[in-house]
Amino acid sequence: MAAGGRGSGRPAKKKGPSKGAGGQGRRALEGRGATPPAEMRHWYKDKAHAQRIAREEQGGARRTASVRQRRSEDAPEYIGGRNPVLEALQAGVPSSALYIAQRLDNDDRVRDSIKIAAERGIALLEVSRDKLDRMTEGAVHQGIALQIPAYDYAHPSDLVDLAQDAAEIPLIVALDSVTDPRNLGAIARSATAFGAHGLLIPSRRSAGVTGGAWKTSAGTLANLRVARAANLTAALREYREAGLFVVGLDGAGKTDLDEVELLTEPLVIVVGSEGKGLSRLVREQCDVVTRIPMRAAAESLNAGVAAGVALYEVARHRRP
């Protein structure tokens, strides 16, 4: 039987305190001196580099997410770039504020923009380039940006009223699934040049009057009304009931543009997207679906270019 156990009848032997080191291990407790600065540690540079990359990637993901986030309908837009800003100010584009980057190298365009903004009572603000990057969503701004309020869209019937008030034959350009704001801006530029009374866009799956559209239009959107319809097909039907003819522009059309006999009549030209052309429901509302004759080497034209060609042909037919 084990001695001192619970069943031995004798009290268990207590364990005494262990013998101390007596100072013999003092050197082991002295340590290795003061902690070296971070930049002197062999692993610091690699760790710092990895952390910086992680922060940049995380920040890039946040920026991408913020760009992809849907803009509010009443959110302001921004035009960036020295030429676009100056052209917008000269055209009288409604503006809320002019932003100038800190320590910006001025040239004639910047000075003229500041002068026009001051004359029109537009607020002039100096900001960092990082803030300009965020406002313009990473677009090239050259250190200057113009804030414009959310666009006030017209009603589709307002475009017909504009033509009647001017005692002119109505000419309206409708966009079907044109999602690139740069195409909208280019079409607005052509529509202004060839006497159209306005643009009609659907409220869904379509580019709107954004900063990119203002920039591409070179300020012409200030002189051209844009209407928005909840249902493009229904709006085209109402135009037909009001006496306008609807001509669809599509590469799959059977009639060449110069052979269309309706170009001198009250007209709505519908421009489809470059890839898909006109949608089925919109095509059904067209009196004629026409094409621009061209060589087989070019399968299709950009929507902005196609609209410009069609509008020129209408203007040529209407010329006295």
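Student: Which residue in E4 is the bridge partner of Tyr99?

Tutor: Ala145 is the bridge partner of Tyr99. Bear in mind that this is a predicted model, where local features need pLDDT of at least 70, side-chain atom pairs count only at pLDDT 80 or more, and totals for chains, interfaces and linings use all residues. Residues are numbered from 1 along each chain as its sequence is written, and side-chain values use heavy atoms, with hydrogens and water left out.

Student: What makes E2 and E4 a pair?

Tutor: Two strands pair if DSSP finds at least two bridges between them. E2 (residues 97-101) and E4 (residues 144-148) have four, in the antiparallel sense, so they qualify. Strands here are DSSP runs of E, at least two residues long, and helices are runs of H or I, at least four, each numbered from the N terminus.

Student: Why are E1 and E3 called edge strands?

Tutor: The open, mixed sheet runs E1-E4-E2-E3. E1 (77-80) and E3 (123-127) each pair on one side only.

Student: What does H4 touch in the sheet?

Tutor: H4 (residues 108-119) touches E2, E3 and E4, where contact means heavy atoms within 4.5 Å.

Student: Why is Ala229 called buried?

Tutor: Buried means under 20% relative accessible area, exposed over 50%, partly exposed in between (1.4 Å probe, protein chains only). Ala229 comes in at 5%, so it counts as buried.

Student: What is Ala229 in contact with, leaving aside neighbours within four places in sequence?

Tutor: Pro156, Leu200, Ile201, Pro202, Ser203 and Ala235. Ala229 itself lies in strand E7 (residues 226-229).

How values were computed. Axes are lines fitted to C-alpha atoms, for helices over the stretch in contact, and angles run from 0 to 180 degrees between N-to-C directions.
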